[in-house]
Amino acid sequence: MPNALPGWFVVLFALVATPALAGPRERAQARTLVLSEHPDDAAHRIHVAGQIVTVLRFEQPCDPLKTKLLGWEGRFEPLLVAGKRVVIEPLRALGPDESVPLLVTLADGSAMSFLLRPPSTEEGGWTDQQVDVFKDRESYQSLVSVLTRTLKAKNELEEENARLREEETSADHALAALLVSGAAAQTPFKRQHTWRGYDVDAQLSMTVYSGRGKAAVMLSVTNQSERRTWRLSQTKLFASASRSPKTVAIRSERESIAVGQTGAIAFVVDRSAFLNREGKFEELALEVYQHDGRLLAAVLLDPQLVRE
């Protein structure tokens, strides 16, 4: 029996449950590790994820014959040691209690011990994709790296404060807040369709709404993981043909979803986002990425959702 959706309403929805499908590479997680700041650590932790490359960068070249994983058989691609870089790629995600020792020996003979671990639940599922390793905090490159990291954190804080100030007076954010609070009846939106599905550790439900001059999407996530909290990592809204970025208002019911809990996230898109530079309507694509960088869901939004 054919789908009974209205002829003007065209939406494609995909629930992605493949662990290997990673999120956008431009959001690679990079950090600086200064060993002299942690003198008591016998092995420094590096958080890795299945089929995602992690690169360790050192101040001098590494000895490929004395740089090795211990007990890695069947769990990692062979180490790639190239100059000052060591490339690590797990074949699959490590279990919560798994850890793999890594020994890195530099050209001057100094050895460093690391412990490869899965993303830390305490750190919100952080995965290292680039780690700049320095032995001494006082070295020039170390100071430059620490300064760069500090300036980046400062800029991110300023951007976050500006975003919060904008959200306080944004009509689209107010509508999104009503949706996540369960007050859809108080909004101008009409429900068009709802899909349900399952991810690896979550039960999902997505609803698309149409409205006068605006469209909305509501995503409900039930965390079915045994021990890990769920978080939204990134949302991308763009024209499906040109991939030019668009603006979307987002409101979450809670910052993170604990094990066994359900949380809602609402996305509101203004009519102006559907217009290209020539003033013509175009189809949009909304992509939602979760805490480990994987694409969780994607939906195509037809311009007729917002046509008056």
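Visitor: Which residue is the bridge partner of L219 in β16?

Guide: I265 in β16 is the bridge partner of L219. Strands here are DSSP runs of E, at least two residues long, and helices are runs of H or I of at least four, both numbered from the N terminus. The model is predicted, so local features need pLDDT of at least 70 and side-chain atom pairs pLDDT 80 or more, while totals for chains, interfaces and linings use all residues. Residues are numbered from 1 along each chain as its sequence is written, and side-chain values use heavy atoms, without hydrogens and water.

Visitor: How many bridges join β13 to β16?

Guide: Strands of a sheet pair through backbone hydrogen bonds, either parallel or antiparallel. Two strands count as paired if DSSP finds at least two bridges between them. Nine bridges join β13 to β16, and the two run antiparallel.

Visitor: What is the strand order of the open sheet?

Guide: The order is β11-β12-β13-β16-β15, five strands with antiparallel pairing. At the edges, β11 (190-198) and β15 (249-252) each pair on one side only. The twist averages 15 degrees from one strand to the next.

Visitor: Which strands does helix α2 lie across?

Guide: Axes are lines fitted to C-alpha atoms, for helices over the stretch in contact, with angles from 0 to 180 degrees between N-to-C directions. Helix α2 (residues 171-180) lies across β12, β13, β15 and β16, and runs at about 150 degrees to β16.

Visitor: Which residues have the most contacts inside the largest nonpolar core?

Guide: In soluble globular proteins, nonpolar side chains tend to be buried together. A nonpolar core is a set of buried Ala, Val, Leu, Ile, Met, Phe, Trp, Tyr and Cys residues joined through side-chain atoms within 4.5 Å; buried means under 20% relative accessible area (1.4 Å probe, protein chains only). The largest core has 28 residues, and V217, V221, F267, V269, L284 and L301 have the most contacts inside it. Elements giving two or more residues to this core include β12 (202-211), β13 (214-223) and β16 (262-270). A second, separate core of 21 residues includes L102, L116, V131 and V133.

Visitor: What does L301 touch?

Guide: Contact means heavy atoms within 4.5 Å. Leaving out residues up to four places away in sequence, L301 touches V208, V217, L237, V269, F274, E283 and L284.

Visitor: How many residues lie between β8 and β9 in their hairpin?

Guide: Five residues lie between them, and G109 in the turn has a positive phi of about 95 degrees. Six bridges join β8 to β9 (residues 111-117) in the antiparallel sense, with V104 opposite M112.

Key
Buried < 20%, exposed > 50% of the residue type's maximum accessible area, 1.4 Å probe, protein only.
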